[in-house]
Amino acid sequence: MRRARAPQLYAALAGLGLAVATGALLVTPEASAAGAAATGYATQNGGTTGGAGGTTVRATTGTQIHAALCGRASSSTPITIEVEGTINHGNTTKVSGGSCNTADGVIELKQISNVTLIGVGSGAVFDQLGIHIRESSNIVIRNVTVQNVKKSGSPTSNGGDAIGMESDVRNVWVDHTTLVASGGESEGYDGLFDMKDNTQYVTLSYSVLRNSGRGGLVGSSESDLTNGFITYHHNRYENIDSRTPLLRGGTAHIYNNHYVSLNESGINSRAGARARVDNNYFEDSRDVLGTFYTDAAGYWQVSGNIYDNVTWSAPGDDYKPAGPAPVSNTSVSIPYGYALDQASCVPGVVSRTAGAGKGLAVSDGTCTATTPTATATPTTTTTPTATPTPTATAPVGTNLSVGAGSDGSSKADGTSYGSVRDGDTSTYWSPSGSTGHVSIKWGSATTVSKIVIKETSSAAGRIGSWQVLDGDTGAVLTSGSGAGAIAFTPTSLKKVTFAITGANGTPQIAEFETYAP
């Protein structure tokens, strides 16, 4: 990895907060941290407000952060934790309680919801200590530095990820953070911002990612395709080898970012992923967009980007740069409002706003940095009632699911993948949580143009948003909400997947019927 342009560490941060490592918890009745509204895909699926409306706690150690989580009335009681000082292995231990599930050597946000972590005062530095989000929702992380988290060597934390999310995570807003490593995998580091195993509705904004072999991924493998709806905006990626990000399936919106010194490759859209890439500034970098290290194609819609001293490689079987003159090969609609800065001013406005310790400054959409005024936010979030998608007429012909195979994500106890193709509406498959996916598969390519999803009578109406995926490539064939008959362009495939991305309770799919054109 090239390091000539990269500072090793921020010397000014190295000794932050050591004198207050055992400071007391301070509790106030209402949130006092700077307020602002989430942006991007984190505004969808009911929105992301973190601990708004709950108690505020001040913490100066990792153990105190865990204690604050464990001291709540329940795992969903809203709380804002203001963090100051250096959080490290020496002051981070497991705390037990009915409203938490913590661990030593990591900030563990597991099986919880409605939490904000925000750096205050002289700053918050998580030194060699990662933040892990698992089976959680409505999480906000702002104004913190996470540095030098390793997966090998000593000490280790969070699998080497600065911030990592996995296993049915929903609605996370990470804003004004500085995520830093001091090398690549050979030096013991992994990703700076990773998402896998059904993580959705996430925004990374106004952050700095620096000095790492891997910027971050969405999906841990070509079969981990239920992640998505991720927004990256006004971030600075500097001295990163690859994965800015790596997208396996799913949808991402990437706008107004400044990329400097991407040493090997940049945005890697693969396995059916769809990225909208608007008004970014790529500088002194190589192969900043394309499908890399795989023959499973991904897609992109590009507009308004600037490529300043970007080098493009020749394409190969498993290496397909989008350049030297990138053009769109798909279209991606964005469901939320946003203001685009002109790409020419992105380096300047990002330098004034991105990272921890910038006063939470943001762009006003005209290349001017402003500090937002705190505004009241609701104390709870709700998921809108799903509006049924207009469905196809009831299909006629042979149900191709009969005699086929089936598989899927983790299933609830007592349910079976085979129940969705047995013709018996009294048996069913359920995911292990409120979301998951189930597939019908054949031994040879089969053309399918319609499916019918039938819920059990006792669980009717629970299915909210969904995607139908080509299980071979991960491509999204159609999306919508509610059960029923669903039509899409006739597609030849060996596997078709119904992925539930939002639900009101635990769905029960009695039948997953498939039909030819």
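E238 and R210 are both buried in this predicted model. Their side chains meet in a salt bridge, with 3.2 Å from N to O. The two residues come from distant parts of the chain: E238 belongs to strand 17 (residues 236–242) and R210 to strand 14 (residues 208–214), 28 residues apart. E238 has a relative accessible area of 10%, so E238 counts as buried. Charged residues can sit inside a protein in this way with a partner at hand. Side chains of opposite charge can pair when their charged atoms come close.

E238 has another partner as well. R236 also forms a salt bridge with E238, and here the closest N and O atoms are 3.1 Å apart. R236 is buried too, because its relative accessible area is 18% and the limit for that word is under 20%.

A further salt bridge joins R134 to E166, with the closest N and O atoms 3.2 Å apart. This pair again links distant parts of the chain, since R134 lies in strand 6 (residues 131–134) and E166 in strand 9 (residues 163–166), 32 residues apart. R134, with a relative accessible area of 24%, is partly exposed, whereas E166, at 18%, counts as buried.

How many disulfides does the model have? The count comes to 2 disulfides. A disulfide is a covalent bond between the sulfur atoms of two cysteines. One of them is formed by C70 and C100, whose sulfur atoms are 1.9 Å apart. C70 lies in helix 1 (residues 62–70), and C100 lies in the loop between strand 3 (79–87) and strand 4 (107–110), so the bond ties together parts that are 30 residues apart in sequence. The torsion about the S-S bond of C70 and C100 is about 100°, and the disulfide is therefore right-handed. Both cysteines are buried: C70 has a relative accessibility of 12%, and C100 has a relative accessible area of 13%.

The other disulfide joins C345 to C367, with 1.8 Å from S to S. Both of these cysteines lie in loops. C345 is in the loop between strand 27 (319–321) and helix 2 (346–353), while C367 is in the loop between strand 28 (362–363) and strand 29 (369–370), and the two are 22 residues apart. Here the torsion about the S-S bond is about -70°, so this disulfide is left-handed. C345 is buried, with a relative accessible area of 17%. When the bonded cysteines are counted along the chain, the disulfides follow the pattern 1-2, 3-4.

The next topic is the nonpolar interior. In soluble globular proteins, nonpolar side chains tend to be buried together. The largest nonpolar core of this model has 64 residues, and the members that touch the most other members are I81, I107, L109, F126, M165, F193 and Y232. Apart from this core lies another, of 21 residues, among them I451, I486, F488 and F498.

Which residues are in contact with L109, leaving aside its neighbours within four places in sequence? They are L69, L117, I131, H132, I133, R134, S136 and I139. R134 in this list is the residue that forms a salt bridge with E166.

S113 lies in strand 5 (residues 113–127) and is buried, with a relative accessible area of 13%. Leaving aside neighbours within four places in sequence, S113 is in contact with R72, S75, S76, T77, S137, N138 and I139. I139 is also among the contacts of L109.

Finally, some of the strands pair with one another. Strand 20 (residues 258–262) and strand 23 (residues 281–286) pair in the parallel sense over 3 bridges. Within this pairing, V260 stands opposite E283 in strand 23. Strand 23 also pairs in the parallel sense with strand 26 (residues 306–311), over 5 bridges. There R286 stands opposite T311 in strand 26.

Notes: Residues numbered from 1 in each chain as written. Predicted model: local features only at pLDDT ≥ 70, side-chain atom pairs only at ≥ 80, totals over all residues. Heavy atoms only, no water. Core = buried A, V, L, I, M, F, W, Y, C linked by side-chain atoms within 4.5 Å. Buried < 20%, exposed > 50% of the residue type's maximum accessible area, 1.4 Å probe, protein only. Contact = heavy atoms within 4.5 Å. Salt bridge = Lys/Arg side-chain N within 4 Å of Asp/Glu carboxyl O. Helix = DSSP H or I, 4+ residues; strand = E, 2+ residues; numbered from the N terminus. Disulfide = S-S within 2.5 Å. Pairing = 2+ DSSP bridges.
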